[in-house]
Amino acid sequence: MLLAITDPDYLGFGSGPDEQVTSRSELQRHLERDFAQSDELSMHFGPISIAYAGDVAWCAGECVIEAEAGGMRQRLTGRMTAVLRKKGEQWLFAHTHFSLPDRGQENGKSFPEK
């Protein structure tokens with residue numbers, strides 16, 4: 001289902017060091033890995049801002065990924081941005097980026113402290 005709404009020229013980033021994707025087929029491999037390494041997986045979106053101009057839309061907001069992997073329940077609270085491109089009557093994800101806030105950086109600080 002996710003691949004059906006993904007542009008063939010998709011580009012994206014996840015939070016892992018090797019999660020840089022430059023095509024829909026690479027995204028498919030990463031998704032298959034995510035599902036293979038988890039017994040349960042879900043995503044929830046918090047407040048999200050959306051804008052568009054013509055055939056391009058972009059959004060940014062909070063994202064929570066919940067998973068059960070290796071017998072452990074995990075919750076990743078992060079941020080997601082996306083760019084969508086309209087092809088015909090369908091909006092397709094052309095780019096997504098999921099990141100986790102730096103845990104070593106305190107509120108009000110521009111850089112993490114050692």
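I began with H30, which I found in helix α1, keeping in mind that this is a predicted model. Is H30 buried or exposed? H30 counts as buried, because its relative accessibility is 17% and the cut-off for buried is under 20%. Leaving aside residues up to four places away in sequence, I noted that H30 touches D18, E19, Q20 and V21.

I then looked at where the helix sits: α1, residues 24–36, lies across β1 (6–13), β2 and β3, and runs at about 60 degrees to β1. These strands belong to an open sheet of six with mixed pairing, in the order β2-β1-β6-β5-β4-β3, and its edge strands, each pairing on one side only, are β2 (20–21) and β3 (40–53). Within the sheet I followed β4 (residues 56–69) and β5 (residues 72–87), which pair in the antiparallel sense over 14 bridges, with A60 opposite T81 in β5.

Next I turned to salt bridges, of which a search of the whole structure finds eight. One of them joins K87 and D7, whose closest N and O atoms are 3.4 Å apart; K87 is in strand β5 and D7 in strand β1, 80 residues apart. I noted that D7 is buried, at a relative accessible area of 0%, whereas K87 counts as partly exposed at 38%.

R33 counts as partly exposed at 26% relative accessibility, while E19 is buried at 18%.

Key. Residues numbered from 1 in each chain as written. Predicted model: local features only at pLDDT ≥ 70, side-chain atom pairs only at ≥ 80, totals over all residues. Heavy atoms only, no water. Pairing = 2+ DSSP bridges. Helix = DSSP H or I, 4+ residues; strand = E, 2+ residues; numbered from the N terminus. Contact = heavy atoms within 4.5 Å. Axes fitted to C-alpha atoms, helices over the stretch in contact; angles between N-to-C directions. Buried < 20%, exposed > 50% of the residue type's maximum accessible area, 1.4 Å probe, protein only. Salt bridge = Lys/Arg side-chain N within 4 Å of Asp/Glu carboxyl O.
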